[in-house]
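Colleague: I have just opened this model and would like to be walked through it. Could we take it piece by piece?

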Amino acid sequence: MLKNSKFFLVLSLLVVIFLAGCNKEPEKIGLDLVNQNQLNTFDTVFSVTGYSIIEDSVRTDETSISILGSMYSENFGLTVASFYAQPRLKDLSPDFGDDPHVDSVFLTLVYSGSYGNLSTPQRIRIYEVAEDFFVDSMYYSRDRFDIFSTEFADFTFIPNPVDSVPINDSTKVPAQIKIPLNESFYNKIFFPADDSVLNSNDNFLSYFKGLYITADSVSMPGEGSLLYFGILSSKITFYYNDTLTYSLVFTSNSARVGNFHHNYEKSLNQNFKNQVLNHLDTMGSTNLFMQGLAGVKTFIRIPSLTQWINTENYAINDAKLIIPIYNDDEILSPASELLLFKLDEDGTQVLPEDYYEGEKYFGGALNDSVNKYEFRLSFQIQNVLNGAPDYGYELVISGKTTRANEVLLYGTEPGGPDLSKIRLNVVYTKIP
């Protein structure tokens with residue numbers, strides 16, 4: 001689209017000044033490079049279109065935290081998070097004595113956070129995994145492994161991920177839950193038919209492939225929470241012969257796989273169901289939706305930008321995608337950060353050029369004071385005006401594998417710019 005040498009000169013100067021790291025605001029860069037009597041600088045607002053869709057399955061093996069629990073929100077319906085994990089022998093070839101007596105066994109899970117209504121009881125069940133899974137393989141949020149029907153635990157508790165746990169008068173440990181495991185479990189570990197299964201972790205994992213830890217569904221909107229656990233800080237402890245203990249541990253060599261199930265039919269928001277389940281993309285003008293844990297993402301296009309292509313010469317000084325939040329839920333806080341991708345011709349997500357200018361420049365963090373997200377897309381929009389193809393954009397929750405946050409956004413206004421809606425603000429210079 002560049003038609004004359006003046007435009008090349010001005011655009012080059014803009015880029016050089018920006019890369020030099022001057023202290024000017026991005027939207028003012030380049031405005032004093034040329035005679036203001038020769039160039040006209042303007043700002044305008046472009047409307048966008050968009051709709052929300054179900055996210056693809058995301059990779060969930062060996063993530064930093066494991067998520068467990070059930071939550072029912074009015075907008076997004078029911079979510080249940082479960083995980084598979086492989087405990088390993090802390091000490092090889094343990095000697096439990098001639099006639100060991102197991103007093104109790106506990107799975108201790110160390111909290112790393114939470115999302116949702118913590119006043120709702122959670123009912124946890126634990127089973128043995130019946131098929132191999134491996135620490136060096138890739139697994140996704142919808143992957144499931146066969147399990148045996150025997151329960152190792154059926155435990156109901158009120159989550160408390162904040163308060164540390166006192167051990168004695170002077171010692172406390174991080175917030176955690178201790179889930180009692182039953183006789184079926186400790187018999188499996190303490191009394192195997194062949195003691196050689198405890199001689200190495202390879203033998204042990206062939207014998208005992210892992211645990212499946214899941215939650216029963218809560219039943220009412222507003223109930224439930226999703227609990228974050230640092231599985232590498234967690235363990236299984238056997239108390240036996242009155243004073244002795246033995247532990248199974250979770251290490252970086254333990255395979256761990258998260259599993260997320262969403263039931264969007266239970267949503268009470270008809271707009272949400274029309275978009276996500278019935279694929280009525282015009283409903284995005286009212287509200288848009290975002291959800292972590294391989295939940296919901298939003299597709300965006302800027303069709304009004306195409307009317308600029310092949311018309312006049314423009315130099316983009318600054319372009320910001322403004323994304324206002326509709327949320328007013330005090331319990332279900334919005335995500336602290338979103339991530340924006342552009343799409344290539346086959347629908348693959350690609351990071352925009354602006355992303356590589358740094359997090360502070362690109363944006364995406366929630367601005368609490370104005371209740372919105374912003375992304376700077378100056379290079380991307382200039383490329384589109386210069387003739388690069390534009391296949392649209394996708395918004396996702398940043399850290400969507402390990403963050404359960406839900407976000408309700410104001411919708412789009414395809415008929416014209418509306419400052420309460422998602423929009424693209426552009427500061428530009430018109431080149432003679």
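This is a predicted model: local features need pLDDT of at least 70, side-chain atom pairs count only at pLDDT 80 or more; totals for chains, interfaces and linings use all residues.

Colleague: Where does Thr 237 lie, and what is it in contact with?

Modeller: Thr 237 lies in strand 14, residues 235-240. Helices (H or I, at least four residues) and strands (E, at least two) are DSSP runs, numbered from the N terminus. Leaving aside neighbours within four places in sequence, Thr 237 is in contact with Ser 104, Val 105, Phe 106, Thr 245, Tyr 246 and Ser 247, where contact means heavy atoms within 4.5 Å.

Colleague: How many helices and strands are there in the chain?

Modeller: The protein chain has six helices and 25 strands. Of its 432 residues, 50% are buried. Among contacts between residues at least 6 apart in sequence, 81% join residues at least 24 apart.

Colleague: And what does the accessible surface come to?

Modeller: The accessible surface of the protein chain is about 19800 Å², and 48% of that belongs to carbon and sulfur atoms. Accessible areas come from the Shrake-Rupley method with a 1.4 Å probe, and for residues only the protein chains shown count as cover.

Colleague: Turning to the inside, which residues have the most contacts in the largest nonpolar core?

Modeller: They are Ile 126, Phe 185, Ile 236 and Phe 238, in a core of 40 residues. A nonpolar core is a set of buried Ala, Val, Leu, Ile, Met, Phe, Trp, Tyr and Cys residues joined through side-chain atoms within 4.5 Å. Strand 6 (residues 102-116) supplies the largest share of this core, five residues. Apart from it lies another core, of 34 residues, which includes Leu 288, Tyr 314, Leu 366 and Ile 422.

Colleague: What does Ile 126 touch?

Modeller: Not counting residues up to four places away in sequence, Ile 126 touches Leu 107, Thr 150, Glu 151, Phe 152, Ala 153, Ile 179, Leu 181, Leu 211, Tyr 212 and Ile 213.

Colleague: You mentioned strand 6. Is Gly 116 buried or exposed?

Modeller: Gly 116, which is in strand 6, is buried, because its relative accessible area is 15%. With residues up to four places away in sequence not counted, Gly 116 touches Met 71, Gly 224, Ser 225, Ile 331 and Leu 332. Gly 116 and Gly 222 are 106 residues apart in sequence and 8.3 Å apart in space, C-alpha to C-alpha.

Colleague: Which residues lie nearest the centre of the largest pocket?

Modeller: Ser 73, Glu 74, Asn 75, Asp 329 and Leu 332 do, out of 21 lining residues. On a 1 Å grid over the protein atoms alone, a pocket is an open set of points with protein on both sides within 12 Å along at least five of seven lines, whereas a cavity is a set where a 1.4 Å probe fits but cannot get out; lining residues have an atom within 4 Å of a point. The largest pocket holds about 350 Å³ of space, a volume being the space filled by probe spheres set on the points, with grid points joined across faces, edges and corners. Strand 3 gives the most to this lining, three residues.

Colleague: How many cavities are there of 30 Å³ or more?

Modeller: The count is two. The largest cavity has about 80 Å³ of space and is lined by 13 residues, with Thr 60, Thr 63, Ile 65, Ser 66 and Gly 258 nearest its centre. Strand 16 gives the most to the lining of the largest cavity, four residues.

Colleague: Last topic: how many residues of helix 6 are buried?

Modeller: Seven of the eight residues in helix 6 (378-385) are buried, among them Phe 379, Ile 381 and Leu 385. Just after helix 6, Gly 387 takes a positive phi of about 115 degrees.

Terms used:
Residues are numbered from 1 along each chain as its sequence is written. Side-chain values use heavy atoms; hydrogens and water are left out. Buried means under 20% relative accessible area, exposed over 50%, partly exposed in between (1.4 Å probe, protein chains only).
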